Amino acid sequence: MKKVKIGVVCLARKTYDFEAAAEIYAETQKRLKARDDVDWVFVDGLVIEVDEAQKAAAYLAGQELDGVAIISGTFHLGHLAPTIKKALKCPVLLWAFNELPYNGGKIRLNSVCGLNLNASVLYKSGIDDYSCHVGDDIDEVWLNVIKMKAAVSHAHVGLAGYRADGFFNLSVEDTYLFNRTGVLVDHYELSELMNEYKMAETGFTVDEVKSIYDCSDINDAQLDKVSVLSRSMENFINKNKLDALAIRCWPEFANTFGVAPCAAMSLLQGKGYTLGCEGDIEGTLSLLACNAIAKDPAFLADLSQVNFEENYALLWHCGVAAYPLWDGKSLRSLDTYFAGGRGVTAGFVMKTGTVTVMRIDTARGKTRLFIGKGEAVPMERELSGTYAKVIFDQPISQLIDTVTETGVAHHISMIYGDYTKEMKLFARLMGFEVIE
């Protein structure tokens, strides 16, 4: 995934210990430069006067930044931050250093007050795409959100076919989606996706597929089709330079190609590709945002079963979860349980751990972000497909009421880890309403 590009500038005033602030800023630059996940653009030295802020703004404006960190090294003139922000369209982190020990009874930095000043000026100016942070190191939550926002806003997204038959709630209006996210969706025929294998040199061989899954439930012809389709899909994605692809995975695939694409999608998602099933564009964008920050691949799931007495839900889908999400205990197999034996889907219980769920979802002229958190707990493999048993932080009855009363679509993206802070800030910076 392409690195985000972050600008950094440090503001100060000579009535405070600006020399100490300059030393802290220099050390901060060294630490940030040591990271390999961000391309940094630093304004060297301190920005103290208005003309210096204007020069810094002009320099940063030419860098095509995904975000900018405006550090209050000390308290400073109120002109500086808005001068810089005026030149930039990207989100801002207002960052204050921790206060230094007093020297001669004087506050040396007064950095937090500078942050407070900047936040107040931006807020009262109607600017909302800022976040605030106090500490010696950059705010990791903010960085994660910038990665999410950049992944979505800069994405080249494809739709092969159309949404699944009858899934009206997964439809998107292309120009509205562009207005809300910056994404223009390119549409392709399913036949294009199926026929790329002729020139493909990527994908999974039959032996590689067999090394990952138990294939005793499928025949050699089906196994070969899974391998061929993985090559075709990977070549198609790379040829068209797609960051994410939503696929109308039924009913045409099984009828035309001979197998459904679920197993191939499980394979390719394990390789790092973002693929959404059933033509779900906003679900696929949700996966893309999650994949920008998560250590493990995201999973597009149905909130499939609920048990009110035991307070859990089964997050299930017919067999598309990335194969590395396997719990390491259950049988990890390829199965043919639907589409008249032509399903060929992945099947396994997913691993345990803290999970965050989210969905970008548009309804009634508004784009919302549904957010939830829970714990995936151990379970036996009792059915086909890929799934996790999740106990949410809120009662499952309450969660079901929330998604049904607000009309959230029936696919949600699940990732391992607690990313609720990131999700809430992502929603604010994207201008989405929050549903939780």
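Quick housekeeping before I go on. This is a predicted model, where local features need pLDDT of at least 70, side-chain atom pairs count only at pLDDT 80 or more, and totals for chains, interfaces and linings use all residues. Residues are numbered from 1 along each chain as its sequence is written, and side-chain values use heavy atoms, with hydrogens and water left out. When I say helix or strand, I mean a DSSP run, H or I over at least four residues for helices and E over at least two for strands, numbered from the N terminus. Two strands pair if DSSP finds at least two bridges between them.

β8 and β9 belong to an open sheet of 4 strands, in the order β7-β6-β8-β9, with parallel pairing. At the edges sit β7 (185–188) and β9 (275–277), each of which pairs on one side only. From one strand to the next, the twist averages 20 degrees. Helix α9 (residues 220–239) packs on this sheet and touches β7, β8 and β9, and its direction makes about 130 degrees with that of β8. Contact here means heavy atoms within 4.5 Å. For angles, axes are lines fitted to C-alpha atoms, for helices over the stretch in contact, and the values run from 0 to 180 degrees between N-to-C directions.

Next up, β3. Is strand β3 (residues 67–72) mostly covered or mostly open? Covered: 6 of its 6 residues are buried, where buried means under 20% relative accessible area, exposed over 50% and partly exposed in between, with a 1.4 Å probe and protein chains only. A reminder for the next bit: in a regular strand the side chains alternate between the two faces of the sheet. In β3 both faces are covered, with Gly67, Ala69 and Ile71 buried on one side and Val68, Ile70 and Ser72 buried on the other.

And what are the neighbours of β3? Strand β1 (residues 4–11) runs parallel to β3 and is joined to it by 6 bridges, with Val8 partnered by Ala69. Strand β4 (residues 92–96) is also parallel to β3, over 5 bridges, and there Ala69 stands opposite Leu93.

For contrast, some antiparallel pairing. Strand β10 (residues 299–307) pairs with strand β11 (residues 312–317) in the antiparallel sense over 5 bridges, and Gln305 stands opposite Leu314. The two form a hairpin with 4 residues between them, and Asn311 in the turn has a positive phi of about 60 degrees. β10 also runs antiparallel to strand β17 (residues 411–416), joined by 4 bridges, with Asp302 partnered by His411.

Against helix α14 (residues 420–430), the angle is about 55 degrees and the axes are 9 Å apart. That makes α5 oblique to α14; the scheme is under 35 degrees roughly parallel, over 145 roughly antiparallel, 65 to 115 roughly perpendicular and the rest oblique. Residues that meet there include Trp142 and Met148 from α5 and Phe426 and Leu429 from α14.

Helix α12 (residues 281–291) packs on α5 at about 140 degrees, with the axes 8 Å apart, so these two are oblique as well. Met148, Ala151 and Val152 in α5 meet Leu285, Leu288 and Ala289 in α12.

Most residues other than glycine have a negative phi, and most peptide bonds are trans. Asn110, in the loop between β4 and α4 (111–124), has a positive phi near 55 degrees and is buried at 19% relative accessible area. Glu278 has a positive phi of about 60 degrees, lies in the loop between β9 and α12, and counts as buried at 9%. Finally, the Trp250 to Pro251 peptide bond is cis, with omega near 0 degrees, and Pro251 sits in the loop between β8 and α10 (252–256).
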